[in-house]
Amino acid sequence: MARTVAELPSGPRITDHISLGVIARTFPIAAVRAALEANDKASLRQRDLPAHVVVYYMIALGLYMQSSYREVLRCLLEGSSG
């Protein structure tokens, strides 16, 4: 049985609109860390994905519900490394 070719959807991609820097400017890291501390959810040790990054990830997932979880996370992490 023939398969269809996997293609990217036409139009703008999520990478054209999202970055960790944009979300961090809107929700300053000090405020995010204060909210995590106030709710006893702050990271106790260094992790690959710290609690404040998870907060930004959840915000991005809400903003870009039409995109896959993996694409949103990739964009966030790509933006933080560059």
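**A helical chain and its nonpolar core**

Leu61 touches Tyr69 and Val72, leaving aside residues up to four places away in sequence; contact here means heavy atoms within 4.5 Å. The model is predicted, so that local features need pLDDT of at least 70 and side-chain atom pairs count only at pLDDT 80 or more, while totals for chains, interfaces and linings use all residues. Residues are numbered from 1 along each chain as its sequence is written, and side-chain values use heavy atoms, with hydrogens and water left out.

The protein chain contains four helices and zero strands, in the order α-α-α-α from the N terminus. Helices (H or I, at least four residues) and strands (E, at least two) are DSSP runs, numbered from the N terminus. Of the contacts in the protein chain between residues at least 6 apart in sequence, 61% join residues at least 24 apart.

Helix H3 covers residues 51-63; at 1.5 Å a residue its 13 residues should span 18 Å, and its end C-alpha atoms, 19 Å apart, agree with this. The expected span is 1.5 Å times one less than the number of residues. In H3, the buried residues are Ala51, His52, Val53, Tyr56, Tyr57, Ala60 and Leu61, where buried means under 20% relative accessible area (1.4 Å probe, protein chains only).

The largest nonpolar core has eleven residues, including Ile23, Leu36, Leu61 and Leu76. Such a core is a set of buried Ala, Val, Leu, Ile, Met, Phe, Trp, Tyr and Cys residues joined through side-chain atoms within 4.5 Å. Helix H2 (29-38), H3 and helix H4 (69-81) each supply at least two residues of this core, and H3 gives the most, with five.

Note on methods:
Buried < 20%, exposed > 50% of the residue type's maximum accessible area, 1.4 Å probe, protein only.
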